[in-house]
Amino acid sequence: MQEQIPTILQQILEAKSKGQKLLAVLLDPDKIVLENLDHLIDKINQSPATHIFVGGSIVQNTILEELISALKQKTNLPVVLFPGDPSQISPQADGILFLSLLSGRNPDYLIEYQVQSAPILKKTNLEVISTGYILIESGNETAVARVSKTKPLSRENLDLVLATALAGEMLGNRLIYLEAGSGAHKPVPLKMIETISQNVEIPVIVGGGIVDLHGIQNAYKAGADLVVIGTAFENNSRFFEL
């Protein structure tokens, strides 16, 4: 009998049950220079990354398919779409975070884009992972807040963030993603990560504003199951040095 390959979600759940921490590198196609892609892929392969996320708030260029194709050829890591809208779906990837922006009240990001995406996704073999996406105030307006026309939740209001995460879990989300946003001045507060991770059963992803190895380690210690890094990793050749 052929051994069944674990799905992306199964791998995340198994890692959580074993206390193993995961790391995703987020690549925004609009920030990728194709001429430098081989060097970037080499950096990813030499890093502790366990996943590659691909997407952005707005993807204006046309290299998404080329980028994913190169990643699939030159890495063994799962490539997971992290889309800002339905135009960022590629059947070449392994899976997609099916995001619902729970922190906002813009219906486009709560359900409308999901409705538009569903028929497209149905025709692919992508693993669809329902994810509750919660934007946290980070000291500056990030692209996510600007594009989605929503306000992030206050860094000080732990009760509201916890209630939002619990609602996402009760709605059936399989992951909770706490996001400070790309280019955030401040990462998600450690106390917030701790509070959410101690009160939900599903894995917690944390991203935005994490600029070095200490930031990753602190998020792990607070309870993050998977940490996402992006711009800082691309720009800093010594990112993983203490």
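## Basis of the model

Because the model is predicted, local features need pLDDT of at least 70 and side-chain atom pairs count only at pLDDT 80 or more, while totals for chains, interfaces and linings use all residues. Residues are numbered from 1 along each chain as its sequence is written, and side-chain values use heavy atoms, with hydrogens and water left out.

## Overall build

The protein contains 9 helices and 8 strands. Both are DSSP runs numbered from the N terminus: helices are H or I with at least four residues, and strands are E with at least two.

The radius of gyration, taken over C-alpha atoms, is compared with a globule rule of 2.2 Å times the number of residues to the power 0.38. For 242 residues, a compact globule would have a value near 18 Å, and the 17 Å of the protein agrees with this. The C-alpha trace spans about 45 × 45 × 45 Å along its principal axes.

## Burial, contacts and charge

Of the 242 residues, 52% count as buried. Buried means under 20% relative accessible area, exposed means over 50%, and partly exposed lies in between (1.4 Å probe, protein chains only). The protein exposes about 12000 Å², and carbon and sulfur atoms supply 51% of that area. Accessible areas come from the Shrake-Rupley method with a 1.4 Å probe; for residues, only the protein chains shown count as cover.

A contact means heavy atoms within 4.5 Å. Among contacts between residues at least 6 apart in sequence, 72% join residues at least 24 apart. The mean positions of the 19 positive and 26 negative charges are 4 Å apart. Lys and Arg count as positive, Asp and Glu as negative, and His and the chain ends are not counted. A charge is placed at NZ of Lys, CZ of Arg, CG of Asp or CD of Glu.

## A buried valine

Val 227 is in strand β8, which covers residues 226-229. Its relative accessibility is 0%, so Val 227 counts as buried. Leaving aside neighbours within four places in sequence, Val 227 is in contact with Leu 22, Leu 23, Ala 24, Val 206, Ile 210, Ile 216, Ala 219 and Tyr 220. Val 33 lies 194 residues from Val 227 in sequence, and their C-alpha atoms are 24 Å apart.

## Salt bridges

Side chains of opposite charge can pair when their charged atoms come close. The structure holds 3 salt bridges, each defined as a side-chain nitrogen of Lys or Arg within 4 Å of a carboxyl oxygen of Asp or Glu.

Asp 225 lies in the loop between α8 (213-222) and β8, and Lys 16 lies in helix α1 (residues 8-18), so the pair ties together parts 209 residues apart in sequence. Asp 225 is buried at 7% relative accessibility, whereas Lys 16 is partly exposed at 25%.

Helix α3 (residues 64-74) holds Lys 74, which meets Asp 38 in a salt bridge of 2.5 Å, N to O. Lys 74 is partly exposed at 40%, and Asp 38 is partly exposed at 43%.

Lys 72 forms a salt bridge with Asp 94, and the closest N and O atoms are 2.5 Å apart. Lys 72 is in helix α3 and Asp 94 in the loop between β3 (79-81) and β4 (95-101), 22 residues apart. Lys 72 is partly exposed at 35%, and Asp 94 is partly exposed at 27%.
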